[in-house]
Amino acid sequence: MELANEFITNYLKNYQPTTNKWNYEDGCVLRGAKLIYEQTQEDLYYNFIEDYLKIYINEDGSINYYDLKEYNIDKINCAKILIFMYEKTKEEKYKIALETFRKQVETQPRCKCGNFFHKAIYPYQVWLDGVYMALPFFMEYDTKFGKLEHYPDILNQFENVEKFLYNEEKGLHYHGYDENHSIFWCDKETGCSKNFWLRSIGWHLMALVDVISLINKDIYDDYRKYIELYRKALDGILRYQDQKTKLFYQVVDHPDYKGNYLETSGSLMVAYSIIKACNLRIIDSEKYYKIGKGIFDSIIENKIKRKNDKLVLSDNCAVAGLGPYDNLRRDGTIDYYLSEPITDDDKKSVGTFLMTYAQVLEYEKNWRFK
């Protein structure tokens, strides 16, 4: 793990937050730092989180560069770190900021089926990305500070993802769903987008294992249902694993399509979910840890590269979305997903690299003391 440690240390020491924007990308890196800190107690990770939040959270609990009225579900991802910081420091500013995001969750516009709009500018649309951004936060808040009263709502939203976005034949979930079946990118019969984008599937897998780790397990039927949903989704994606590299393609089920490539961020998300599921003992660790660790090891071997005397994490899809307007060409076709830039050191990818490494540390620590 020497290469991984060198990469992480240099990356965090030279980190540049996204300028003037409270955003989900930084939230991924913050969460990764938090999970490694919990395993190592090293100051590097805690100081990184604390220094970041000094830029965004004011002493009165107000949040710089955030507007609740945007109703952008992505914004909730970065708020997950506030729960950790409030529990650790008991500083009131973190609790006040946290309540702002609780208010967003409570007032976020919804589809008729009950799921959150992905954003106010994406009405009546459910994206797998948004499932990860909001529902683990909703679960953690309700478990730690609420009365578990929102558990049926949270489960309903996951079950709707299964109902409306899952393709039984492929064993995969589509990127997005339009409840009105009218947006230009959707199938007019199903409402689903056209293809299976790896990172969106990764977001969904991570959302499921995170919720499983946060739920009050006394609510046994819900707990078992989430495990069932996770196992089903995992079995689906593993059908498409590249056997040589152990990674997954940007457009999952079209490995031979010209320009398709083994994408780093989504492959890491699959690895994170598997190793965390092993730590939670909800899948057979003896069987699945080798799969998850094999993905992570392959990322280190094949995707961490030295460029200009600097280690970088390569082959990440910079961004992908659906709409909102047809002149933006984000139409969910294979060619669209393959047209987005491929980058080094994407924050979503590096954040998930940190998260996955933390799961490896936890698993190997527990295994040593069996």
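Buried means under 20% relative accessible area, exposed over 50%, and partly exposed in between, with a 1.4 Å probe and protein chains only. Helices (H or I, at least four residues) and strands (E, at least two) are DSSP runs, numbered from the N terminus.

The model is predicted: local features need pLDDT of at least 70, side-chain atom pairs count only at pLDDT 80 or more, and totals for chains, interfaces and linings use all residues. Residues are numbered from 1 along each chain as its sequence is written, and side-chain values use heavy atoms, with hydrogens and water left out.

Zoom to Ile237. Leaving aside neighbours within four places in sequence, Ile237 is in contact (heavy atoms within 4.5 Å) with Gly171, Leu172, Leu198, Ile201, Leu205, Phe248, Val252 and Val270. In soluble globular proteins, nonpolar side chains tend to be buried together.

**Aromatic rings**

Show the rings of Phe, Tyr and Trp. A search of the whole structure finds 28 aromatic pairs. Rings (for Trp, the six-membered one) pair if their centres lie within 6.5 Å; planes under 30 degrees apart count as stacked, over 60 as edge-to-face and the rest as tilted.

Start with Phe7 and Tyr11. Their pair is tilted, at 5.9 Å centre to centre and 35° between the planes. Both residues lie in helix 1 (residues 2-13), four residues apart, about one turn of the helix. Phe7 and Tyr11 are both buried.

Move to Tyr52 and Tyr56. This pair is stacked: the centres are 4.6 Å apart, with 20° between the planes. Both sit in helix 3 (residues 43-56), again four residues apart, about one turn. Tyr52 counts as buried because its relative accessibility is 3%. Tyr56 is buried too, at 2%. An α-helix has 3.6 residues a turn, so residues three or four places apart point the same way.

Then select Phe7, Tyr11, Tyr15, Phe48, Phe296, Phe353 and Tyr357 together. Ring pairs link them into a cluster.

**Charges over rings**

Select Lys90 and Tyr86. The charged end of Lys90 sits over the ring of Tyr86, 5.3 Å from its centre. Repeat with Lys95 and Phe145: here the charged end of Lys95 sits over the ring, 5.6 Å from the centre. A charge sits over a ring if NZ of Lys or CZ of Arg is within 6 Å of the ring centre and within 35 degrees of the ring normal.

**Helix 10 and its flanks**

Colour helix 10 (residues 264-279). Its 16 residues reach 22 Å from first C-alpha to last, close to the 22 Å expected at 1.5 Å a residue. The expected span is 1.5 Å times one less than the number of residues. Helix 10 is mostly covered, with 16 of its 16 residues buried. Arg281 follows helix 10 and has a positive phi, near 60°.

Step back to Glu263, in the loop between helix 9 (220-238) and helix 10. Is Glu263 buried or exposed? Its relative accessible area is 0%, so Glu263 is buried. Not counting residues up to four places away in sequence, Glu263 touches Leu198, Arg199, Phe248, Gln250, Asp315, Asn316 and Cys317.

**The hairpin**

Select strand 5 (residues 304-307) and strand 6 (residues 310-313). They run antiparallel, joined by four bridges. Two strands pair if DSSP finds at least two bridges between them. Arg306 has Leu311 as its bridge partner, and Lys305 stands opposite Val312. Two residues separate the strands of this hairpin; in the turn, Asn308 has a positive phi of about 55°. Asn308 counts as exposed because its relative accessibility is 80%.

**Last stops**

Select Gly323 and Pro324. A cis peptide bond joins them, with omega about 10°. Pro324 is in the loop between strand 7 (316-317) and helix 12 (334-339).

Finish at Tyr124, in the loop between helix 5 (92-107) and strand 1 (125-127). Tyr124 has a positive phi of about 60° although it is not a glycine. At 30% relative accessibility, this tyrosine is partly exposed.
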